[in-house]
Amino acid sequence: MAKEIAPIQDEIECLLSIKRFTKPLDTVESMRTLTHDKYASNTLISFKNDWNNFLAFCRSEHIPALPAKADTVHRYIEQMAKVRKLASLKRYMVTISLVHRCHNLSDPCAKSEIRLAMKKQQLEKHDDYQNAAPFRDEHLQQLIDTFELSTKPKDIRDLAIWAVMFEAMLKRSELAALSVENLYIHSSGLIDLDVNQTTISLSSIASKALQRWLVIGMIESGFVFRRIDRHSNIGDKPLDHSSIYRVFRRASDELGLGETSLFSGQSPRVGAAKDLSDAGLSIVEIQEQGRWKSPAMPAQYVGNTDRHDKEVNKFIKPKPWEK
């Protein structure tokens, strides 16, 4: 995640930026400017949220966040470790390190104290990462059997989301951004999706589910998948990541799955990768179908951890606290 970002050189500009970053960030624009627009929007949102969280901790402890001392970061790690996984702790360190380095300040995350603290967390949390529970074709078929005749807008929308997201192996951001202008409806009723200049053809099952949603929602332009209020009123705004998460958590509940098999917005990509692997597709073929930039994630999803680690290690640079 970390990239080489040139720190602010102008002294006055740097002081003004430090002043901005000592207050909660309302938007990602300050973070975008600080990082010279080298990160994707979702990554900037994570940076903003992580930095605001660190600010809140420092304010509650009445200690400065910028610059922060190594002891402050150490205490923050210990507190967040109670409720967060190792991946989140690592991301917090990336954010704190990035903000300091971009302001030409000493990086507290590079101190030996933080290296030891993170090593401790790695030992204690080494097995806390799990893939999202896979949402597979068998789950989709059961949900179709349950909801294909429903006339409730929420049932029709959610069934379309389950089918389209699984078949097209869509990311949450891709589903949220999908618009009517991205659809091509053939005379046969089959539908193609245009996702980031890639054409994805849906089956008759997913096409039918999507067609029903477009009709019941009277959606002729704009975002395809939209929010529905408690009175079944369909809005204009797209679903956010939390809404998509709840749609897949609902699938878990409808299928009567236990707490260890709860779906999330990542579940359809994990499940589709597993189904494709079981059908005999190679990791590279699954990578291409799911539009991953490297084979690392599909390899992890299908259980090929050696391949995953090999691919990831090509891109990993040691973080300050790992040296």
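1. Ring pairs join F21, W51, F54, F57, Y76 and Y92 into a cluster; rings of Phe, Tyr and Trp (its six-membered ring) pair if their centres lie within 6.5 Å, and planes under 30 degrees apart count as stacked, over 60 as edge-to-face and the rest as tilted. This is a predicted model, in which local features need pLDDT of at least 70, side-chain atom pairs count only at pLDDT 80 or more, and totals for chains, interfaces and linings use all residues. Residues are numbered from 1 along each chain as its sequence is written, and side-chain values use heavy atoms, with hydrogens and water left out.

2. The structure holds 10 aromatic pairs. In one of them, the ring centres of F57 and Y76 are 5.2 Å apart and the planes stand at 55°, so this pair is tilted. Both F57 and Y76 are buried (under 20% relative accessible area, with exposed over 50% and partly exposed in between; 1.4 Å probe, protein chains only).

3. The rings of F135 and F263 have centres 5.2 Å apart and planes at 75°, so they form an edge-to-face pair. F135 and F263 are 128 residues apart, and their pair links distant parts of the chain. F135 is buried, as is F263.

4. D155 has 8% relative accessibility and therefore counts as buried. Its side chain makes a polar contact with the side chain of R250 at 2.5 Å (a pair of N or O atoms within 3.5 Å; within protein, one must be able to donate a hydrogen and the other to accept it, and residues adjacent in sequence count only if both atoms are side-chain atoms).

Conventions
Helices (H or I, at least four residues) and strands (E, at least two) are DSSP runs, numbered from the N terminus.
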